[in-house]
Amino acid sequence: MDLSFLPASVVTTLVSTGTVALAEIGDKTQLLALLLAARFRKPWPIIAGILVATLLNHALAAWFGTLVAQWLQPQVLRWIVAASFLAVALWTLKPDRLDDEPQFSARGAFLATTIAFFFAEIGDKTQVATVLLATRYEPLWAVIAGTTVGMLLANVPVALLGSRFADRLPLKTARYVAATVFAALAIWVAVRGIG
């Protein structure tokens with residue numbers, strides 16, 4: 001699909017949003033949103049916490065991605081990014097689960113969600129995807145905006161509708177679609193390069 005008629009920032013935002021929204025389906029942070037919704041039964045503070053945590057986490061990840069892009073030669077970076085997208089594609093096929101139920105303080109849904117989501121995202125698929133997207137797409141703010149919107153698209157319905165909605169998600173199909181998107185990005189970078 002030719003999107004060359006759109007400004008680069010719009011293309012970057014759309015690619016980042018779609019990539020992260022698909023990768024997030026069935027992810028542990030989506031399970032965390034379900035757990036928080038069941039625990040606090042207050043969706044709006046949970047949604048606000050997801051927003052703040054994602055903005056902070058993905059801004060750091062995107063900034064790191066731009067630093068990596070500056071340190072490495074374009075050909076080396078091209079193959080590292082392509083291999084990383086392929087690795088994330090394979091990783092996406094493995095369903096996530098929460099290993100231990102996190103312990104939340106009584107300070108409220110917003111604070112608990114912000115802290116839990118920030119730490120749950122460290123080293124997660126969507127954080128890795130944000131680093132990779134920042135090495136490939138510009139401007140940086142559009143990557144951060146897109147990945148944040150992608151997280152919200154996947155997690156807001158869970159926070160609003162709780163377990164009734166989560167039980168109806170076709171998680172297996174969503175994982176395959178997300179894996180295909182990451183594999184396509186790997187091929188795209190391998191063929192077209194970075195930049």
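Mentor: A nonpolar surface patch of about 620 Å² is formed by Val 52, Leu 56, Phe 110, Leu 111, Ile 115, Phe 119 and Ile 122. The model is predicted: local features need pLDDT of at least 70, side-chain atom pairs count only at pLDDT 80 or more, and totals for chains, interfaces and linings use all residues. Residues are numbered from 1 along each chain as its sequence is written, and side-chain values use heavy atoms, with hydrogens and water left out.

Trainee: Which helix supplies the largest share of the nonpolar patch?

Mentor: Helix α5 does, with four residues; α3 and α5 (109–121) each supply at least two. Helices are DSSP runs of H or I with at least four residues, numbered from the N terminus.

Trainee: Why is Ile 122 called partly exposed?

Mentor: Its relative accessibility is 45%. Buried means under 20% relative accessible area and exposed over 50%, with partly exposed in between (1.4 Å probe, protein chains only); therefore Ile 122 counts as partly exposed. Ile 122 lies in the loop between α5 and α6 (125–136).

Trainee: What makes the pairing of the His 58 and Thr 147 side chains a polar contact?

Mentor: The two side chains are joined at 3.0 Å. A polar contact is a pair of N or O atoms within 3.5 Å; within protein, one must be able to donate a hydrogen and the other to accept it, and residues adjacent in sequence count only if both atoms are side-chain atoms.

Key. Patch = residues over 30% accessible without salt bridge, like charges linked within 9 Å, V, L, I, M, F, W, Y side chains within 5 Å. Areas by Shrake-Rupley, 256 points an atom, 1.4 Å probe, with all protein chains shown as cover. Salt bridge = Lys/Arg side-chain N within 4 Å of Asp/Glu carboxyl O.
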